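Colleague: I have a model open and would like to go through it with you. Can you take my questions as they come?

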Amino acid sequence: MGFVARLPFVRLLVAMLLLATACHREGLGSQHGSGVVPGGPATGATAGSAAVDPPPPGTDELVTVPADVASKVKLVEIAHGLSRPVLLTVAPNDARRRLFILEQHRGAVRFLENGKLHDKPFLVMSDLSTGNEEGLLGLAFHPRFAENRKLYVNYTSKDMATHIVEYQVSASDPDTVDTTTRRELIRIEQPYSNHNGGNLTFGSGRQALHTGMGDGGLANDPHRNGQNDKALLAKILRFDVDGDAKPEIVHIGLRNPWRFSFDAKTGDLYIGDVGQNLWEYVHAVAATDKTRKNFGWNIVEGTHCFDADTGQGKATCDRTGLTPPLVEYSHEQGCSITGGFVYRGRALPMLDGRYFYADYCTGLLRSFVWVRGAVREHWDWKAAIDKEGVLQQISSFGVDADGELYVVELTGSIYQLQPSS
């Protein structure tokens with residue numbers, strides 16, 4: 001069952017009324033936006049000045065993907081034998097249509113081309129720290145990569161810090177990064193070895209490089225970075241890499257935004273934020289909404305008040321100004337969310353506009369549509385397309401140049417969602 005079923009009826013009724021009257025919404029577009037969580041609490045956020053349409057009919061309840069949809073989709077393994085892969089991405093306007101893959105502890109960027117995994121790495125990083133959540137964590141190519149050959153990596157090193165570094169591909173060898181072109185954008189101290197975030201993306205048509213930083217680790221956010229406006233930890237940051245490249249805080253109150261993405265069509269932002277002891281959740285911000293969001297950590301864990309001293313929930317807290325998640329699930333169903341992408345490919349048109357996410361611990365695979373501030377068609381895919389249980393330790397998702405969707409497993413395999421016939 002979805003999280004709505006676990007909330008008290010009164011709160012559910014209040015939230016439904018709020019949605020119906022479009023109250024307390026923040027900057028919604030005509031089709032997308034971040035409003036009150038269906039079935040969740042109001043947050044005290046101010047309403048946008050523009051009128052918004054009410055949510056569409058239906059419910060956000062989690063259900064099994066319809067059989068007629070599931071029958072048209074299959075999982076196909078496209079690669080195996082990788083060493084702790086944690087990312088799959090592409091370079092803009094790459095005529096060779098390579099799929100670039102990060103190997104976390106080996107520190108290697110490798111690529112698949114025409115279905116073949118090249119033996120020679122594109123880039124190898126050294127001096128990495130190799131804790132479970134450390135190593136080579138993020139990669140993004142400049143939007144004008146075809147012209148300037150620039151790319152960016154996010155990694156943790158033995159100096160207990162996150163580094164975000166710019167490189168250029170060799171002018172004489174397009175399959176090799178020239179490490180002498182290194183330019184460090186930032187070094188961020190990490191007090192502990194976990195909750196490093198690490199994702200990098202330019203988003204859809206955006207010139208600013210975005211990264212997600214965890215709260216610094218240990219447990220319960222002991223340094224209170226989530227609600228500290230001056231700390232760079234527990235934030236979404238962006239950098240003008242063609243300008244001064246200084247960090248700008250975009251959103252706050254995140255615990256560990258391991259994987260986030262921008263919808264390639266709408267520009268909406270989706271964040272899979274790894275929870276503490278009880279809940280995992282997905283946040284979203286509409287592209288039309290330019291305000292900074294406070295997602296609440298460590299005042300709340302998901303939609304639930306959080307006691308930072310005990311690491312457990314508590315009855316009440318001040319939610320003023322907090323933006324709740326769209327979707328959450330309990331640790332009865334998983335333990336570490338892996339955020340994904342909105343499908344915008346052409347091979348599976350029935351999936352268009354659906355955001356996919358997964359859980360690292362249980363291999364669950366789910367999707368939903370976010371329309372006019374509401375979650376609809378919230379589907380559970382696991383039983384329908386993973387009858388053999390191959391989905392496990394899902395570390396990331398990826399999309400190729402055509403917008404087709406891939407699932408990355410830390411165990412070394414990569415799967416693609418493909419038409420079943």
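This is a predicted model: local features need pLDDT of at least 70, side-chain atom pairs count only at pLDDT 80 or more; totals for chains, interfaces and linings use all residues.

Colleague: What share of the residues is buried?

Modeller: Of the 421 residues, 60% are buried. Buried means under 20% relative accessible area, exposed over 50%, and partly exposed in between, with a 1.4 Å probe and protein chains only.

Colleague: Now the rings. How many aromatic pairs are there?

Modeller: A search of the whole structure gives 17 aromatic pairs. One of them joins tyrosine 270 and tryptophan 370, edge-to-face, at 5.7 Å centre to centre with 80° between the planes. Rings of Phe, Tyr and Trp (its six-membered ring) pair if their centres lie within 6.5 Å; planes under 30 degrees apart count as stacked, over 60 as edge-to-face and the rest as tilted.

Colleague: Where do tyrosine 270 and tryptophan 370 lie?

Modeller: Tyrosine 270 is in strand β17 (residues 269-273) and tryptophan 370 in strand β25 (residues 365-371), so the pair ties together parts 100 residues apart in sequence. Both tyrosine 270 and tryptophan 370 are buried.

Colleague: Why does the pair of tyrosine 355 and tyrosine 357 count as stacked?

Modeller: The ring centres of tyrosine 355 and tyrosine 357 are 6.4 Å apart and the planes are at 20°, so the pair is stacked.

Colleague: Which residues form the aromatic cluster?

Modeller: One aromatic cluster is formed by Tyr270, Tyr329, Tyr355, Tyr357, Phe368 and Trp370. Over the face of tyrosine 329 lies arginine 366, at 5.5 Å from the ring centre. For a charge to sit over a ring, NZ of Lys or CZ of Arg must be within 6 Å of the ring centre and within 35 degrees of the ring normal.

Colleague: New topic. Is histidine 142 buried or exposed?

Modeller: Histidine 142 is buried, with a relative accessible area of 0%. Histidine 142 sits in the loop between β8 and α3 (145-148).

Colleague: What does the side chain of histidine 142 make a polar contact with?

Modeller: The side chain of asparagine 148, at 3.2 Å. A polar contact is a pair of N or O atoms within 3.5 Å; within protein, one must be able to donate a hydrogen and the other to accept it, and residues adjacent in sequence count only if both atoms are side-chain atoms.

Colleague: And glutamate 166, buried or exposed?

Modeller: Glutamate 166 is buried, at 5% relative accessible area, and is placed in strand β10 (residues 161-169). The side chains of glutamate 166 and tyrosine 152 are joined by a polar contact of 2.7 Å.

Colleague: Last one. Which residues are closest to the centre of the largest pocket?

Modeller: The largest pocket has a volume of about 870 Å³. Of its 39 lining residues, the closest to its centre are Thr89, Val90, Thr201, Gly203 and Val399. On a 1 Å grid over the protein atoms alone, a pocket is an open set of points where a 1.4 Å probe fits, with protein on both sides within 12 Å along at least five of seven lines; lining residues have an atom within 4 Å of a point. Grid points are joined across faces, edges and corners, and a volume is the space filled by probe spheres set on the points.

Key. Residues are numbered from 1 along each chain as its sequence is written. Side-chain values use heavy atoms; hydrogens and water are left out. Helices (H or I, at least four residues) and strands (E, at least two) are DSSP runs, numbered from the N terminus.
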